[in-house]
Amino acid sequence: MDFPDFFADVPIITLHDPLAVFLGASKSGMMTYAYADAVKLAGHSCPTVAGAYLMVRRGLRHLYGDDVPARGAIKVYLRDPRDQGTTGVIAAIATLLTGAAPETGFGGIGPHRRFTRRDLLHFDAPIDGLMALRRCDNERGVVLDFDMSAVPAAREMQALFPQVVAEQGNKDEQARFATLWQARVEQMLIEHADDPALVQACAWKGAA
């Protein structure tokens with residue numbers, strides 16, 4: 001696909017999915033996700049999609065360190081209602097990467113519901129951040145937040161943005177807008193991927 005070149009340089013996320021092994025989809029169960037996968041799901045690349053990707057990446061590193069995270073064994077909590085703002089977009093990216101799903105998710109196999117993904121994704125959570133992750137095996141948790149102001153948009157966008165949104169910009173202005181838009185996303189994902197000012201993480205010891 002004709003994605004921007006920087007997509008290939010964004011850090012990848014690798015997890016192990018035991019359900020994939022059980023059902024023969026993968027011998028090793030190793031699942032590697034790239035930023036392009038998140039873009040394909042969302043249908044666009046923006047600071048929110050980038051932020052969701054980076055929050056999950058940071059959260060998994062906090063919970064698992066150098067170990068490979070277990071996909072399908074992670075609970076995801078979102079602070080806001082599912083239909084508020086960009087919460088649904090963030091939730092979709094979190095589901096893609098962790099396997100955590102709401103009540104509509106895979107219900108599991110057998111009487112003990114092995115490999116269930118259902119009810120691992122929660123909204124309206126009482127957390128002090130946009131998102132929180134919690135391991136199902138040891139209940140270790142992390143609260144995550146995202147501050148896109150840490151990577152401000154180009155000053156030129158102040159004039160371009162209202163024009164293109166109102167469909168008043170010409171083709172050159174639309175192209176310039178798209179270039180500047182992705183330039184900011186690139187900064188977030190490449191130069192600031194590990195910037196604590198952009199993505200904050202702290203241990204979550206409160207009740208789920």
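This is a predicted model: local features need pLDDT of at least 70, side-chain atom pairs count only at pLDDT 80 or more; totals for chains, interfaces and linings use all residues.
Local features need pLDDT of at least 70 and side-chain atom pairs count only at pLDDT 80 or more, while totals for chains, interfaces and linings use all residues. Residues are numbered from 1 along each chain as its sequence is written, and side-chain values use heavy atoms, with hydrogens and water left out.

The chain has six helices and seven strands. Both are DSSP runs numbered from the N terminus: helices are H or I with at least four residues, strands E with at least two. From the N terminus on, the order of elements is β-α-β-α-α-β-α-β-β-β-α-α-β. The radius of gyration is 18 Å, close to the 17 Å that the globule rule gives for 208 residues, so the chain is as compact as a globular protein of that length. This radius is taken over C-alpha atoms, and the rule is 2.2 Å times the number of residues to the power 0.38. The C-alpha trace spans about 60 × 35 × 30 Å along its principal axes. Of the 208 residues, 44% are buried. Buried means under 20% relative accessible area, exposed over 50%, and partly exposed in between (1.4 Å probe, protein chains only). Contacts are counted between heavy atoms within 4.5 Å. Among contacts with a separation of 6 or more, 68% join residues 24 or more positions apart.

An open sheet is built from five strands in the order β4-β3-β5-β6-β7, with mixed pairing. Two strands pair if DSSP finds at least two bridges between them. The edges are β4 (121-122) and β7 (199-204); each has a single partner strand, so one side of each is left without a neighbour in the sheet. Strand β6 (residues 141-146) runs antiparallel to β7, and six bridges join the two. Val142 has Ala203 as its bridge partner in β7. Helix α3 (residues 47-64) packs on the sheet and touches β3 (74-78), β5 (131-135), β6 and β7. The direction of α3 makes about 155° with that of β6. Helix α4 (residues 87-98) also packs on the sheet, against β3, β4 and β5. Its direction makes about 175° with that of β3. These angles run from 0 to 180 degrees between N-to-C directions, with axes fitted to C-alpha atoms, for helices over the stretch in contact.

Strands β5 and β6 are antiparallel and share four bridges. Met131 stands opposite Leu144 in β6. The two strands form a hairpin with five residues between them. In its turn, Glu139 has a positive phi of about 65°. Five of the six residues of β6 are buried, so this strand is largely enclosed by the rest of the structure.

The largest nonpolar core has 47 residues. Such a core is a set of buried Ala, Val, Leu, Ile, Met, Phe, Trp, Tyr and Cys residues joined through side-chain atoms within 4.5 Å. Tyr35, Met131, Leu133 and Leu189 have the most contacts inside this core. At least two residues each come from β1 (13-16), α2 (35-42), α3, β3, α4, β5, β6 and α6 (171-191). The largest share, 10 residues, is supplied by α3. Tyr35 touches residues including Phe7, Val10, Cys46, Tyr53, Val185 and Leu189, not counting residues up to four places away in sequence. Apart from this core lies another, of six residues, among them Tyr77, Ala125, Ile127 and Val143.

The structure holds zero disulfides, defined as pairs of cysteine sulfur atoms within 2.5 Å. Cys136 is in no disulfide; the nearest cysteine sulfur, that of Cys202, is 19 Å away. Cys136 is partly exposed, at 29% relative accessibility. Cys46, by contrast, is buried, with a relative accessible area of 8%.

Most residues other than glycine have a negative phi. Asp119 has a positive phi, near 65°. Asp119 lies in the loop between α4 and β4 and is partly exposed at 40% relative accessibility. Glu167 also has a positive phi, of about 60°. Glu167 sits in the loop between α5 (157-165) and α6, where it is exposed at 73% relative accessibility.
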